[in-house]
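Here are some notes to read beside the model. Take them in order, and keep the view open as you go.

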Amino acid sequence: MPPSDVMVPDAELSVVRKSLPHDSAPRHVTGSAAYIDDIREPAGTLHIAPGYAPIAAGKITALDLDAVRTAPGVVAVMTADDIPGANDVSPKLLGDDPALAGDTIRFHGQVVFIVIAKTRDQARRATKKAKFTTVAETPIIDVDDATDLVLPDYAFIQGDPEAAIATAPRIFEDSFRVGGQEHFYLEGQIAMAVPGEAGEMLVYSSTQHPSEVQHLVSHALHVPSSAVTVEIRRMGGGFGGKESQASQWAVLAALAAAKTKRPCKMRLDRDDDMIMTGKRHDFRVDYRVGYDDEGLLQGVDVTFNARCGHSEDLSMGVVDRTMFHADNSYFYPQSRVLARRLRTNTCSNTAFRGFGGPQGMVFAERMMDQIAYRLGKDPLDVRKANFYRDGSRDRTPYGMQVTDNLLHELVAELETKCDYRARRAEITAWNAQSRILKRGLALTPIKFGISFTLMMLNQAGALVHLYRDGSLHLNHGGTEMGQGLFLKVAQVVAEEFGVDMGKVAITATRTDKVPNTSPTAASSGTDLNAMAALNACKIIKDRLFAFIEEKWQVPRSQVKFRDNQVLLGNRVMSLGELANAAYVDRVQLSSAGFYKTPTIAWDRDKAEGRPFFYFAYGASCTEVTIDTMTGEMKVDRIDVLHDVGKSLNPAIDIGQIEGGFVQGMGWLTTEELVWDKQGRLRTHAPSTYKIPAASDIPEHFKVELFESDGARVDTIYRSKAVGEPPLMLPISVFCAINNAVASVNPGTVPMLDAPATPEAIMKAVRAMTAGAD
Amino acid sequence: MRESIRFVRQGKIVEIADLDPMATLLDHLRLTECATGTKEGCGEGDCGACTVAIGRSRGGKVVYEAVNSCIQLLGMVDGTEIVAVEDLASGDTLHPVQAAMVEKHGSQCGFCTPGFVMSIFALYQHSEGPVARGEINDWIAGNLCRCTGYKPIIDAALSVCEGPRADKYRAASADTAGLLDFLSDDKDIFIGDDTRFFAAPASVEGLAALYQKHPTAVIVAGGTDVGLWITKQLRDLPKIIHIGRVKGLDGIEDTGREVLIGATATYAKAEPYMRAIDPDLGELFRRIGSKQVRASGTVGGNVANGSPIGDTPPALIALGATMELRRGDRARALAVEDFYIEYGKQNRASGEFVTGLMVPKLKPGQVFRCYKITKRFDQDISSVMGAFRFTLDADSVIREARIAYGGMAGIPKRAKAAEAALHGTSIRDSAAWSNAFAALRLDFAPLDDHRASANYRAETAHALLGKALLEAAGTPTGRTRLIGRREEFTDAAE
């Protein structure tokens, strides 16, 4: 059923488009919003801690757990041999991600056994008593040393890039590194499993993908999916880190609960969490580019070498999205975009807000910078020249036509609003007289494709009940991790029934209410689930319309749901009165709703199709100052203009943009993952891994929503997805730092790697003057 | 002798006699009280999700400070009031701090939110009238948020501080102070037996006797280091001696020539005295840990634990500070630089403890500079920390150079070759500078680690010495620094 072909005028909307606060905000601030660790534990609940071997690669030849078993409070110890069903937490059931490793260790931190004890402290302390005998192999840590692949190479090819580059007026080749990123959700990984009768298992899991947890638990316990229910009311942050990576802890909790027949809870310590779970993929990007004297691209040949870690996990989709965004906003006339997915003895890299897209886009922006500095042009001019244009320059490297291009008007508006040209002149003059401190400025665009590129995931279900008192119960397959999804979907339901938000009960995501759900990922949560909920509402309303027509002879065109009332011709009643009357007449007041994204298609084998329903656009301009003596950096000013279509909730959307910006800024600046030669992660706690703090954002941090008529396709109230795209806005921070480095020795091309830590900046600065003087 | 601890919760006295010496305040709240509003984010005092406010009686009022409950030992809170996030609202009426957070959209996932609420609560109680944005950043530097990007949280803090300070804690301040005064006594606390105990002696003599009897006991001042031995290293610490109750040990005195800092004086208490010695010291102290860490952690503890990257020792060494140690009834003084022997090894006998520090103030002609280099400006541990004191005569000749670095060796250490290269040279003598830079390479052989490479450390040490010399020779810090500019401090003082 097409839900909303006709755009509703804003003036007729009473709940949608309002900046309502997060539905849980009063509970967040009073501490009464319950996360899984806050649920009152059933009597007799046991606690689980993981144990792992001291090596990153090799074999365990002997494992002595006697002292673990006899440690205070220990009830049971489990190893791989104790798993009744499949020992596999891989999202695709590939068997390469055991819940508990056997005798082969593939990364440092791979869980080998779990301790189940009366208290969490006892369980943690007992793990330290294990005695491993191992034969260590030399671990493969980074992509330079890796040769084994987790998946075959895959490429998009348009035209003859080799010939295009060879015949271009100018050519260069380059290689650079872009680092990974730890999610650092504030609530670490956690699950609690409560055994029921007849093999049933209720699992509370802090997961973005309850259905996958359900399936993996059922496989591990060797029970049908119908025996397993997964519930999640809210996560304390997810960012992709709880898409596939939440499953292992839920599976282990369920295994422990099945074995002990008692509720079991597993909450990872922060250090264990950071050591054991996957992160954003890091890359070495190698590329050749041909361009002309104006900076216009002729041919691009880029190879993305991704560190995937020890298993496949989500590396197919993640690195595909890197490829899908290797163009960012730019037309590549002829191109080859190749991805190589390398296996290493490190944690299995996974989904992280942007899902590989950011790394592809950083490449595109770095390439634009390089061309500009080679030509002595302002990087913004080179960027604009290469933008997609309607007509002949609108086809992406994967063959999809860009038909909703907002780049030109959006970037022009930001350029004016932030006073780019005048500031550029002022900064150039300032830098000429400042020896130690140098300022930099950059304005970068984003274009981000919306839809899961794995087509089957572009579906959602919802469940809406209307009770006899007029209150509504809302449930859907999306999960709440702070992004305001539950609020936005509830706004749509409240709008549909013309009631206040207080009439809509927001409820925990549960696999027994809405089955077979997709992960809350790919920025799709609202697009999919709000549409499914809207459809459920429309089904109930259709039944009410039929009932009204039969009982009161009022046609549906004369029935309005608004202001907490139902207007039926001349009659006015509350929603509760109508619901009760319908109930008495035996009208079903509950419905499931379903939605699947229309018009999209992608054939990966042929690399053909239209994978994205639409694109979200944005741009940001950042000014920084660097200290060329120490490499320190300070962000001085940020201006953002971002496209969310027509917003369902501007406050929530601005929150996503600001938060995404700062998270992406951390990825490109202070957040650095370091493994030692033995394959041990050395940055496994907030003391050593530095996400941005409050003082890292400048006082001038201005975020505006780009005004438009909304998405050009039929999205929910013409809004656009906002979860991931803003993560890439702070590429302007990185390019501004690059710009400041460039000012050290104008005419020399800066070579900055990401993250731009003080050390990376100092290295780039030193390279600018090496050989000079 | 008292065999229990006592503190105030929600207006009532709580007394605990069966205290596990390693119990944390967070576990007490979450596991014993089942007050789950306070969250554990990292268990090491670095994310602030577990922040609570601790109230102490000061002159008939309660003064609140934010602390990380995850690394605060429960025994340490004896004699205080504990305020957690659930306590603030009155029925359905939110506390002004909470209301501002809702109004400004300051929460997304909400997990860090209770910690932010409590840090802003401490600021709200601490201040009167509007608060500058920079100060707000300091108050929440110890709270990490991964969702919001901080802007709405800063806006909430700005907004609530614009309003009047009127809440139930202000209204009850005198009563609560009275209750806390009632709890205050001069008794030694000892809970447990000779094999496993939590002790909090009330006098230096009591402390000295107890420590001499139990030299394997762990002395805890602020707990910002020892807390991690429990929560992260999972060490068993059966004997804990908390020195926070020792009378007279938390004092700070400015004698005119020097500042005397008692062993249990917190960073927060010492900060204004340090700032008065030199703005750079104030800036250094501002950047040590976070408000929460500075409210608990002590300068004495930072010196005593011998960390190679402790931030205060290089500054203290450059200033020529000395420390006082005591064992039984014998005391001795020692230059801070002589306390550090090698990594993990200090000049401290079994049963000996630090009682205080003596920090000389700057004399005319002395120029002091210090710089802390980190990946993130706030709440980060230095990759390199450099501190410099140049004594110049009337002709700008360097009569003495004291240069000390952290992060360059296994211990905080002086750069004696570089110092020698500068002695007797003009502060503007570029040839002498070059000699000093070259000498610096002889002074240190730094290590590679996750904070920085050896090469970066060596280059940064060079850069910091260069910066100190440039500034000492007259270059204004507006041209040499991104943050902590001295001209701003001067402006603010005028």
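1. How many Å separate the centres of domain 1 of chain A and domain 2 of chain A, taken over C-alpha atoms? The answer is 34 Å. Domain 1 covers 10-33 + 459-596 of chain A, and domain 2 covers 140-402. These bounds come from an automatic or database domain assignment.

2. A word on the source. This is a predicted model, where local features need pLDDT of at least 70, side-chain atom pairs count only at pLDDT 80 or more, and totals for chains, interfaces and linings use all residues. Residues are numbered from 1 along each chain as its sequence is written, chains are lettered from A and ligands numbered from 1 in the order in which they are written, and side-chain values use heavy atoms, with hydrogens and water left out.

3. Now the contact between the two domains of chain A. Domain 1 gives 24 residues and domain 2 gives 20 residues; contact means heavy atoms within 4.5 Å. About 1600 Å² is buried between these domains, and carbon and sulfur atoms give 48% of that. Buried area is the accessible area (1.4 Å probe) that two parts lose on being put together, summed over both. On the domain 1 side, A:Met481, A:Arg510 and A:Thr511 lose the most area to domain 2, together 32% of what that side buries.

4. Look at A:Arg510 again. This residue forms a salt bridge with A:Glu231, with the closest N and O atoms 2.6 Å apart. A salt bridge is a side-chain nitrogen of Lys or Arg within 4 Å of a carboxyl oxygen of Asp or Glu. The rule finds two salt bridges across this domain interface. Seven residue pairs are in polar contact there, both at pLDDT 80 or more. A polar contact is a pair of N or O atoms within 3.5 Å; within protein, one must be able to donate a hydrogen and the other to accept it, and residues adjacent in sequence count only if both atoms are side-chain atoms.

5. Next, the two chains. 79 residues of chain B touch 83 residues of chain A. Together the chains bury about 6500 Å², 58% of it on carbon and sulfur atoms. In chain B, B:Arg146, B:Lys375 and B:Leu482 lose the most area to chain A, together 14% of what that side buries.

6. The chains share 12 salt bridges. One of them joins A:Glu672 to B:Lys375, the closest N and O atoms being 2.9 Å apart. Which element gives the largest share of the side of chain B that touches chain A? Helix H18 of chain B does, with eight residues.

7. Turn to a sheet in chain A. Four strands form an open sheet in the order E16-E27-E28-E29, with mixed pairing. Helices (H or I, at least four residues) and strands (E, at least two) are DSSP runs, numbered from the N terminus. Two strands pair if DSSP finds at least two bridges between them. E16 (437-450) and E29 (700-705) are the edge strands. Nine bridges join E27 (614-627) to E28 (633-642), and these two run antiparallel. A:Thr622 stands opposite A:Ile638 in E28.

8. Last, an open sheet of three strands in chain A, ordered E4-E2-E6 and paired antiparallel. Strands E4 (104-105) and E6 (131-136) each have a single partner strand, so one side of each is left without a neighbour in the sheet. E2 (58-64) and E4 pair over two bridges.
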